Amino acid sequence: MSAELGERITHRSAEQDRLPWWRYTKDAEQTDILDEDAIRAAAHSLPVFNKLGASQRQIKEAVVLATEHDNPSVVFERAAQLAATKRSWNEFGKGALLSLVPTELRLALEMASHEESERRALEGELSVLEDAWREAEEIAAISDDMFLPTDVSQKLAEIKKRVHKEDE
């Protein structure tokens, strides 16, 4: 993901809660979230933008957009580029307004952000499983050698060294 790609969140004060959702003061506090953090934040904020749902055609297009690349950042870059071409895209400063992105692309962003978080979770689970597998192999090796006579263990160690040298 490029360093310029991210999510800017404009904060509203309690007084602004009475204003329509699209009205912000120009000096409102903002938070910029970049790179991988932006994808994780998008998984939480995009459902708000997509709360009205979509047509069957838009959903089908969103699935195609979300799945045509393995890297979800490609979908985010496409959305940022498209939104940047829209009229009044820089109304609130540097960046593009998510509300200007077509529904199917916003849905694709939501799908991609959730897929990325699921991928990360699976990678974490795989890491835990790999650690458990290594530990089980170590325990098995110890228990295999526990009841072997010493001379057999020494002979196996010599054979392993010889095989290891031949492999190099």
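Which residues have the most contacts inside the largest nonpolar core? They are V75, F76, A79, V101, L105, A108 and L109, and the core has 16 residues. A nonpolar core here is a set of buried Ala, Val, Leu, Ile, Met, Phe, Trp, Tyr and Cys residues joined through side-chain atoms within 4.5 Å. Helix 1 (35–49), helix 2 (56–67), helix 3 (72–84) and helix 4 (103–146) each supply at least two of the core residues. The largest share, 5 residues, comes from helix 4. As general background, nonpolar side chains in soluble globular proteins tend to be buried together.

Before going further, a word on the model. The model is predicted, so local features need pLDDT of at least 70 and side-chain atom pairs count only at pLDDT 80 or more, while totals for chains, interfaces and linings use all residues. Residues are numbered from 1 along each chain as its sequence is written, and side-chain values use heavy atoms, with hydrogens and water left out.

**Overall layout**

The protein chain has 5 helices and 2 strands, and from the N terminus on its elements run β-β-α-α-α-α-α. Helices (H or I, at least four residues) and strands (E, at least two) are DSSP runs, numbered from the N terminus. Of the 168 residues of the protein chain, 21% count as buried. The accessibility classes are buried under 20% relative accessible area, exposed over 50%, and partly exposed in between (1.4 Å probe, protein chains only).

The accessible surface of the protein chain comes to about 12,400 Å², and 56% of this surface belongs to carbon and sulfur atoms. These areas come from the Shrake-Rupley method with a 1.4 Å probe; for residues, only the protein chains shown count as cover. Among contacts with a separation of 6 or more, 65% are accounted for by residues 24 or more positions apart. Contact means heavy atoms within 4.5 Å.

**Around the core and the loops**

Back to L105, one of the residues with the most contacts inside the core. Leaving aside neighbours within four places in sequence, L105 is in contact with L65, V75, R78, A79 and L82.

H69 is found in the loop between helix 2 and helix 3, and counts as partly exposed because its relative accessibility is 32%.

R12 lies in the loop between strand 1 (6–10) and strand 2 (30–34). With a relative accessible area of 27%, R12 is partly exposed. R12 and E29 are 17 residues apart along the chain, and their C-alpha atoms are separated by 7.8 Å.

**Salt bridges**

How many salt bridges does the structure hold? There are 6, where a salt bridge is a side-chain nitrogen of Lys or Arg within 4 Å of a carboxyl oxygen of Asp or Glu. In general terms, side chains of opposite charge can pair when their charged atoms come close. The table lists examples.

| Pair | N to O distance |
|---|---|
| R40 and D37 | 2.2 Å |
| R57 and E61 | 2.5 Å |
| D131 and R134 | 3.0 Å |

R40 and D37 both lie in helix 1, 3 residues apart, about one turn of the helix. R40 is partly exposed at 36% relative accessible area, and D37 is partly exposed at 43%. R57 and E61 are both in helix 2, 4 residues apart, about one turn of the helix, and E61 is partly exposed at 30%.

D131 and R134 both sit in helix 4, 3 residues apart, again about one turn of the helix. Salt bridges that share partners join E130, D131 and R134 into one network. D131 counts as partly exposed at 43% relative accessibility, and R134 is partly exposed at 44%.

Finally, L148, V152, L156, I159 and V163 make a nonpolar surface patch of about 330 Å². Patches are made of residues with over 30% relative accessible area and no salt bridge: like charges are joined within 9 Å, and nonpolar side chains (Val, Leu, Ile, Met, Phe, Trp, Tyr) within 5 Å. V163 lies in helix 5 (residues 150–167). Why does V163 count as partly exposed? Because its relative accessibility is 40%.
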